[in-house]
Amino acid sequence: MKLPIGRAWEERVDKMGNRSRGEAERSTARMEGELYKGEDYKTEFQPQNYLKTYYAFDSGTIAENEVLKFNLNNLFETFSPGGMGGDILIDIGSGPTIYQLLSACEVFREIIMSDYTELNLREVDKWLKKELGAYDWSPAVQYVCELEGDRSKWQEKEARVRRTVKRLLTCDVNQPRPLGSAQVPAADCVLSLLALECACRDVDAYRAAIQNLVGLLKPGGHLVTLVALRCCEYMVGSRKFFVLSLEQETVEKALQEAGCQVLKCQYSPIKYSEAFCLNEGFCFVVARKGPGA
Ligand code: SAH
């Protein structure tokens with residue numbers, strides 16, 4: 001039995017991510033309720049609620065902004081000219097977001113985005129096509145342009161993302177071929193942010209999923225991933241979703257077992273607002289696929 005849907009969760013949370021007392025009491029019922037996972041994503045994960053909660057940026061809660069900045073700063077460092085780049089980047093578990101491509105679009109010729117749910121891909125497509133009701137990413141785009149040295153170039157960057165994303169595909173990281181029968185060239189880079197810990201039921205599945213992603217890479221290609229550590233659940237609107245709790249060592253070990261060398265593992269103790277997500281820190285990881293993997 002699924003829980004009835006409450007009023008939008010985030011309306012009752014202030015800038016610091018604190019819930020009102022009434023909300024805390026009301027939420028107890030939900031805490032004991034359904035924990036969504038697996039195939040539930042296809043019906044229960046509402047892209048607009050996810051975006052409003054975690055990516056409101058300037059107008060959102062402080063903790064969520066800090067997480068996004070940590071992420072954007074690391075992506076900027078990783079994909080700045082002279083750093084990593086190449087022909088093909090595949091983003092796995094893209095969700096309804098495009099922030100992850102703002103630096104990468106400058107150094108890859110072609111980007112393939114993918115997600116488990118059609119609804120998320122539809123949300124991305126709305127933004128790519130500048131449709132009515134598309135999410136406004138401009139605050140995050142301006143932030144990245146500022147990192148690059150010129151905040152005023154944000155519209156050019158948006159145009160570049162739109163030009164560089166060539167395909168939207170469905171994917172399942174739990175399959176040995178995460179992109180199914182789609183004809184996709186081996187990638188120079190596979191990017192997967194905050195997705196594997198949502199998609200995998202246990203550590204064995206996580207290890208297998210890392211291997212599946214490594215399988216999409218050319219030898220010498222890079223896997224870039226951001227993990228919410230020691231996380232167990234998060235809210236999307238009034239729905240609570242399962243997250244696999246991971247330690248940094250587990251992530252590094254999974255990459256090594258899949259034949260990768262870990263080049264960077266940037267830890268930060270920042271957390272999401274407790275009202276939205278329970279986690280203890282993040283790690284941003286860059287690994288390289290070895291010749292024999
Ligand atoms: N990368 C985005 C979205 C993360 S939310 C971001 O950085 O914000 C988690 C995402 O994992 C959702 O978009 C969900 O649809 C996706 N997901 C869930 N199960 C999956 C699976 N088995 N394979 C691939 N993606 C999955």
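**The whole chain.** Colour the protein chain by secondary structure and you will find 10 helices and 11 strands. You are looking at a predicted model. Of the chain's 293 residues, 55% count as buried. Now think about which parts of the sequence meet: among contacts with a separation of 6 or more, 72% join residues 24 or more positions apart.

Stop 1

Zoom in on strand 1 and strand 8 (residues 239-242), which pair in the parallel sense over two bridges. Click on L35 and look for its bridge partner in strand 8, which is K240.

Stay on K240 for a moment and show its side chain. K240 forms a salt bridge with E233, and the closest N and O atoms are 3.7 Å apart.

Stop 2: Why can helix 3 be called largely enclosed by the rest of the structure? Because six of its eight residues are buried. To see them, highlight P47, N49, Y50, L51, T53 and Y54. What do these buried residues pack against? Their neighbours are helix 4, helix 5 (118-128), strand 7 and strand 10.

**Stop 3: N65 in helix 4.** Move on to helix 4 (residues 62-78) and pick out N65. With 12% relative accessibility, N65 counts as buried. Leaving out residues up to four places away in sequence, N65 touches F57, D58 and G60. Now draw a distance from the C-alpha of N65 to the C-alpha of Y272: they are 9.0 Å apart in space, although 207 residues separate them in sequence.

**Stop 4: the nonpolar cores.** In soluble globular proteins, nonpolar side chains tend to be buried together. To explore this here, start with the largest nonpolar core, which has 58 residues. Select Y55, F79, L89, Y99, L102, W137 and Y234, the members that touch the most other members. Apart from neighbours within four places in sequence, F79 is in contact with M84, L89, S103, A104, V107, F108, C189, L191 and V224. There is also a second, separate core of 34 residues, and its members include C171, V173, V214 and L223.

**Stop 5: S114 in strand 3.** Select residues 108-115 to show strand 3, then pick S114 within it. S114 has 0% relative accessibility, so it counts as buried. What does its side chain reach? A polar atom of the S114 side chain lies 2.8 Å from the backbone oxygen of D91. Not counting residues up to four places away in sequence, S114 touches D91, I92, G93, S94 and G95, as well as L121, L169, C171 and L179.

Stop 6: Finish with charged side chains: the structure holds 21 salt bridges. Begin with R151 and E146, whose closest N and O atoms are 2.6 Å apart. R151 is partly exposed, at 35% relative accessible area, and E146 is also partly exposed, at 46%.

Then turn to R162 and E158, whose side chains meet in a salt bridge of 3.6 Å, N to O. Both of these residues are buried. R162 and E158 are four residues apart in helix 7 (residues 154-164), so about one helical turn separates them. In general, an α-helix has 3.6 residues a turn, so residues three or four places apart point the same way.

Terms used. Residues numbered from 1 in each chain as written. Predicted model: local features only at pLDDT ≥ 70, side-chain atom pairs only at ≥ 80, totals over all residues. Heavy atoms only, no water. Core = buried A, V, L, I, M, F, W, Y, C linked by side-chain atoms within 4.5 Å. Buried < 20%, exposed > 50% of the residue type's maximum accessible area, 1.4 Å probe, protein only. Contact = heavy atoms within 4.5 Å. Polar contact = N/O pair within 3.5 Å; in protein donor to acceptor, adjacent residues only side chain to side chain. Salt bridge = Lys/Arg side-chain N within 4 Å of Asp/Glu carboxyl O. Pairing = 2+ DSSP bridges.
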